[in-house]
Amino acid sequence: MKIVIEEIRNIDETEVIIKCKEIDDEVKKLEAQFKLMDTKILAKKEDRSFALIPSEIYYFESIDNKVFAYLQKEVYEVTNKLYELEEFLKNSTFLRVNKNTVLNASKIHHFKSTMNGRMEATLKNKEVIVISRTYVSGLKMMLGGLKK
Amino acid sequence: MKRYFLTYVKAFFITNLFLILLQAGIVRRLNIRYDYLPIIIGAMIIAIFLGLGSIIFKREKGASWLNLILGFIVILPSLFVIKFLFGIIIFRFSFVIYLFVIFMAIVYSILVFFATKKARAEVKEMNELLNKEKNKEE
């Protein structure tokens, strides 16, 4: 892939143009990554509002009808529902891995299995998330193991 | 709900198969015939224990080793149903019940072995894909 950065002083907003032969998975992924960079998730913590950058979020978890965003160390409460976030972050590195969790796949350190055949993902911050069997194929697809 | 029903249907099928084989063995060796109804009711009760054991074993919450042990404990009462169904014909000697426990433990261990093996293969594949992605990014 060739990367060209052109510096133009008189423009207001940075513009990214992707030139490709055809729109394949890699291009779509690239587009999703750029879109994700421009997206902010509104969250609150101790009565203060924050705009979170999705790429810094490890996962979203729904507990008692409340949705929380987990960063490396901090936890924020998100106003959106989990399914809304799932839809909103579609085509990005986020995907649902169990009934209550939407995980950022780019934050996975490794996978491991347990004695009862359960799959778990250990994140880069050492947290462990259970991957439900129903969502394994989706995760595999995201990692490039299965074709759509 | 559908998932639980499917688990129960599978358990019921396996139980029926096992009980038919057991019954056939008894008929062949001792020429004793059974009523179909008690056997089918027994199979339905045993299927509840097996289904429950399977659900507990596959549970995604809690410690995996605990689910593994609880899954086995839950299926043990099915032995009493078999004892109730076949009585002294099979359980003439008290040690037979222990033989059944050992048999169940062996079957359970084999199933656990295959479930773990399948999960390990899947995890290995996922880790390889993850490493490939990481290498691409680097």
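Buried means under 20% relative accessible area, exposed over 50%, and partly exposed in between (1.4 Å probe, protein chains only). This is a predicted model: local features need pLDDT of at least 70, side-chain atom pairs count only at pLDDT 80 or more, and totals for chains, interfaces and linings use all residues. Residues are numbered from 1 along each chain as its sequence is written.

**Exercise 1.** Classify Phe95(B) by its relative accessibility.

Solution. 
- Locate Phe95(B): helix α5 of chain B, residues 95–137. Helices are DSSP runs (H or I) of at least four residues, numbered from the N terminus.
- Phe95(B) has 46% relative accessibility, so Phe95(B) is partly exposed.
- Phe95(B) also belongs to a nonpolar surface patch of about 980 Å², with Tyr98(B) and Leu99(B) among the other members. Such a patch joins nonpolar side chains within 5 Å, from residues with over 30% relative accessible area and no salt bridge.

**Exercise 2.** Describe the interface of chain B and chain A.

Solution. 
- Count contacts (heavy atoms within 4.5 Å). 25 residues of chain B touch 25 of chain A.
- Take the buried area, the accessible area (1.4 Å probe) lost on putting two parts together, summed over both. The value is about 2100 Å², with 58% from carbon and sulfur atoms.
- On the chain B side, Glu60(B), Met126(B) and Leu130(B) lose the most area, together 30% of what that side buries.

**Exercise 3.** How many salt bridges cross between chain B and chain A?

Solution. 
- Apply the rule: a Lys or Arg side-chain nitrogen within 4 Å of an Asp or Glu carboxyl oxygen.
- The rule finds 2. One pairs Glu125(B) with Lys140(A), with the closest N and O atoms 3.5 Å apart.

Methods:
Chains lettered and ligands numbered in written order. Heavy atoms only, no water. Patch = residues over 30% accessible without salt bridge, like charges linked within 9 Å, V, L, I, M, F, W, Y side chains within 5 Å. Areas by Shrake-Rupley, 256 points an atom, 1.4 Å probe, with all protein chains shown as cover. Helix = DSSP H or I, 4+ residues; strand = E, 2+ residues; numbered from the N terminus.
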